[in-house]
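Visitor: I would like to go through this model with you, one question at a time, with the criteria stated as we go. Could we begin once it is on display?

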Amino acid sequence: MDYKINSIVEILRNSESVMVLTGAGISAESGISTFRGSEGLWEKFKVEDIATPAAFYRDSDLVWRWYSDRRKGMLDAKPNLGHIAIAELESFFDDFLLVTQNIDNLHRRAGSKNLSEIHGNIFREFCINCSFARASNECYDLTPKCPKCGAKLRPDVVWFGEQLPKKELELSFDFASRADTIIVIGTSAIVYPVAELPYIVKSSSGEVIEVNLAETPLTQIADVSILEKAGIVLPEILKLLRKQMG
Ligand code: APR
């Protein structure tokens, strides 16, 4: 692994614009389940029962109970060494963007600032009828109602079949087209349009670094790929970067 850490640090030292893209794998070491693989959430639950607008329309109480359970788990979880290393990495670059597909708030809690939560944040909810929105840690058995108009509130997360938030999407795609480097961490890299970001970096002559426990479709085009836990690799990168860049 050492020579790969060296290559990554070399790439970072020659980069001005750095982008990090994370998925569920970065939070796995905080005890939060990933989606795919034998222990993944989508092995135990059906996406179409939970994470689609149709599911919410059919049985919003069921959907809220599921998200309430996840809220509780995510509230109890703590940022791990991987999250903390990414927050520190940011301080080395003037032009830095972290794009996360995770809704768990752990990057923010670790101190990341320039952050795009492209699939939303579970600790926010909004009204399906009016413009009401709020932050919330509450766990619900029944669907909460809007205090302004009485319609249903829903979690502020992007479901399958929904558009990604325009502002976050533009920010991420613009950044990718000028990024010198993207580090892709703990994502199966198959959910579009986010999975496209590394390809945009690559096609604009940027470098692609991947940190994942297993190979993904991205591994073939990655300039450096490390098959190891994010919580092990990222602190090592930081250690060497600190040593070389002060
Ligand atoms: N360190 C690094 N990688 C890890 C670790 C770890 N400790 N643990 C797991 N991984 C990797 C797995 O090998 C896998 O490639 O993390 C990846 C997790 O993949 P998914 O479960 O598919 O999660 P993600 O890529 O974030 O899913 C994308 O799909 O359903 C949705 O909206 C949901 O945002 C999510 C999107």
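Guide: Buried means under 20% relative accessible area, exposed means over 50%, and partly exposed lies in between, with a 1.4 Å probe and protein chains only as cover. This is a predicted model, in which local features need pLDDT of at least 70 and side-chain atom pairs count only at pLDDT 80 or more, while totals for chains, interfaces and linings use all residues. Residues are numbered from 1 along each chain as its sequence is written, and side-chain values use heavy atoms, with hydrogens and water left out.

Visitor: Is Gln 101 buried or exposed, and at what relative accessibility?
Guide: Gln 101 belongs to the loop between β2 and α8 (106-110), where helices (H or I, at least four residues) and strands (E, at least two) are DSSP runs numbered from the N terminus. Because its value falls under the 20% limit, Gln 101 counts as buried, at a relative accessibility of 12%.

Visitor: With which side chain does the side chain of Gln 101 make a polar contact?
Guide: A polar contact is a pair of N or O atoms within 3.5 Å; within protein, one must be able to donate a hydrogen and the other to accept it, and residues adjacent in sequence count only if both atoms are side-chain atoms. For Gln 101 the contact has a distance of 3.0 Å, and the partner is the side chain of Thr 187.

Visitor: Which residue has a side-chain polar atom 3.1 Å from the backbone oxygen of Thr 187?
Guide: The residue in question lies in strand β8 (residues 207-212), and it is buried, with a relative accessible area of 12%. Its side chain places a polar atom 3.1 Å from the backbone oxygen of Thr 187, and the residue is Asn 212.

Visitor: How many of the 10 residues of α7 are buried?
Guide: The buried residues of this helix are Gly 82, His 83, Ala 85, Ile 86, Ala 87, Leu 89 and Glu 90. At the start of α7, a side-chain oxygen of Asn 80 comes within 2.7 Å of the backbone nitrogen of Gly 82. The helix is largely enclosed by the rest of the structure, because the number of its residues that are buried is 7.

Visitor: Which residue forms a salt bridge with Asp 95?
Guide: A salt bridge is a side-chain nitrogen of Lys or Arg within 4 Å of a carboxyl oxygen of Asp or Glu, and the structure holds 13 of them. In the one formed by Asp 95, the closest N and O atoms are 2.9 Å apart, and the partner is Arg 178. Asp 95 lies in strand β2 and its partner in helix α9 (residues 166-178), so parts that are 83 residues apart in sequence are tied together by Asp 95 and Arg 178.

Visitor: Which residue is joined to Tyr 192 by a cis peptide bond?
Guide: The residue has its place in the loop between β7 (181-185) and α10. Omega of the bond is about 10°, and the residue joined to Tyr 192 is Pro 193.

Visitor: What is phi of Ala 189 near?
Guide: Ala 189 has its place in the loop between β7 and α10, and at 10% relative accessibility Ala 189 counts as buried. Its phi is positive in a residue other than glycine, with a value near 55°.
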